[in-house]
Amino acid sequence: MSRTVTLILLDPAGRPLGALPPFGVPEPWWQEVGSIVAAVRQRHGLEVAVLRLLDADRPAPPGGHVRYVAQVVDAPAVSLEPVAVDLAPHPLRQPWAEAGGPADSVAWATGELRRLGQRVTAVAQQRTWNLSAIWRLDTPQGPAWLKQLPAFAHHEPTVLAFPGDQGVGVGADLPGDANSLINGPVVLAADGEGRMLLADVPGADRYGAGEGERAAVAAEHHAVQLRACGVVGELVAAGVPDLRGAGLAGWIRERLAGRDVSAAAGLLDGHDVSAAAGLLDGLDHRLRQVGDCGLPDTLVHGDLHPGNVRGDDGHRTVIDWADSFVGHPAFDILRLTEDVNAGAAARLVDAWARRWRADVPGSDPHRAVDLLRPVAPLRQAAVYAMFLDAIEPSEHPYHVHDVPAALARAAATP
């Protein structure tokens, strides 16, 4: 699947100039902009920063004809097509989607690297959308990564840099670095307003990982979660979202308030989602039953799939903690096993349950997983609803279909 791109250019002062002719890029995913920047440089000799999605010819990604707003570094010496677009400000626009925003962020990151004794030799924009903006900054010592986050994800650098020497919860003699709570990217700098500078993580994203590698990820993640059991209060005090017990039920209801969870806009592939409304009605009782299973609350990654693991067969680092929260550990094993066959999923859950039974005698991990199985997609629907509530309408196509799809999964889960 391909993507055709049209860029509406702004000049260095943020004034509209016109549109470049459409061109194709290989990646279909709308938020990936590295190839767009490279193609404009190669075709037109222009340096641009892609600011945001303007519109698309299809209701959701990937692929199709997509238009973006971009800003040039210097006035272009190319012919541009006049185009009428609404460039009015919007209160929900992210800082990096505003004219001058990318330049400000790169200047901050360059200054931080200079403070650390590193000289930036090249900058490459990689991604921009409502959930993050990412740049690669090359230095003689190797690459560093600038990531900028929306307000609802500002806790990610807190999680990445959270110390691990404040207690180990219910376990002892845990493997890993005792000075770090998690095995994540190293934070080189953070500005407290959503920008963070990260050290490079060698290797590749582990999309397509098989059962064996997922088992290794689950075992390593268990050590992190066991360690975090003893510091949940400190994590919450530091700004990590608190989705424990009844708090999770209230958070889900608040995010889904006003959305018809019994109909879900007819986008549910024939599923009867009235069960989602019933699930919401019984959520408090269900979560009390989960609490009776005896597992402790801990740090939850929130999106633990192989694409958020980077490394090789011998060493793995879990990345992208922007969805993390304090809550029940079963949510991560459910996410890690949701796209594998039933046999592999059962074996991975069995191993997860054995570890928790050994560390928390008398607990019932299997029952907790079964009770939370439909709650996991219900929580995800609430996450997507939160995204929609926090972003400007032009970027709604990224997520608008995710809410009903997640509700359908919740309704279809026994």
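Phe 387 is buried, with a relative accessible area of 3%; buried means under 20% relative accessible area, exposed over 50% and partly exposed in between (1.4 Å probe, protein chains only). Tyr 384 is buried as well, at 19%. The model is predicted, so local features need pLDDT of at least 70 and side-chain atom pairs count only at pLDDT 80 or more, while totals for chains, interfaces and linings use all residues. Residues are numbered from 1 along each chain as its sequence is written, and side-chain values use heavy atoms, with hydrogens and water left out.

The structure holds five aromatic pairs. Rings of Phe, Tyr and Trp (its six-membered ring) pair if their centres lie within 6.5 Å; planes under 30 degrees apart count as stacked, over 60 as edge-to-face and the rest as tilted. Two of the pairs are tabulated here.

| Pair | Centre distance | Plane angle | Class |
|---|---|---|---|
| Trp 30 and Tyr 398 | 5.8 Å | 70° | edge-to-face |
| Tyr 384 and Phe 387 | 6.0 Å | 75° | edge-to-face |

Trp 30 lies in the loop between strand S3 (23–25) and helix H1 (34–44), and Tyr 398 in the loop between helix H12 (375–389) and helix H13 (402–412), so their pair ties together parts 368 residues apart in sequence. Helices (H or I, at least four residues) and strands (E, at least two) are DSSP runs, numbered from the N terminus. Trp 30 is buried at 0% relative accessibility, and Tyr 398 is buried at 6%. Ring pairs link Trp 30 and Tyr 398 with Trp 129 into a cluster.

Tyr 384 and Phe 387 both lie in helix H12, three residues apart, about one turn of the helix.
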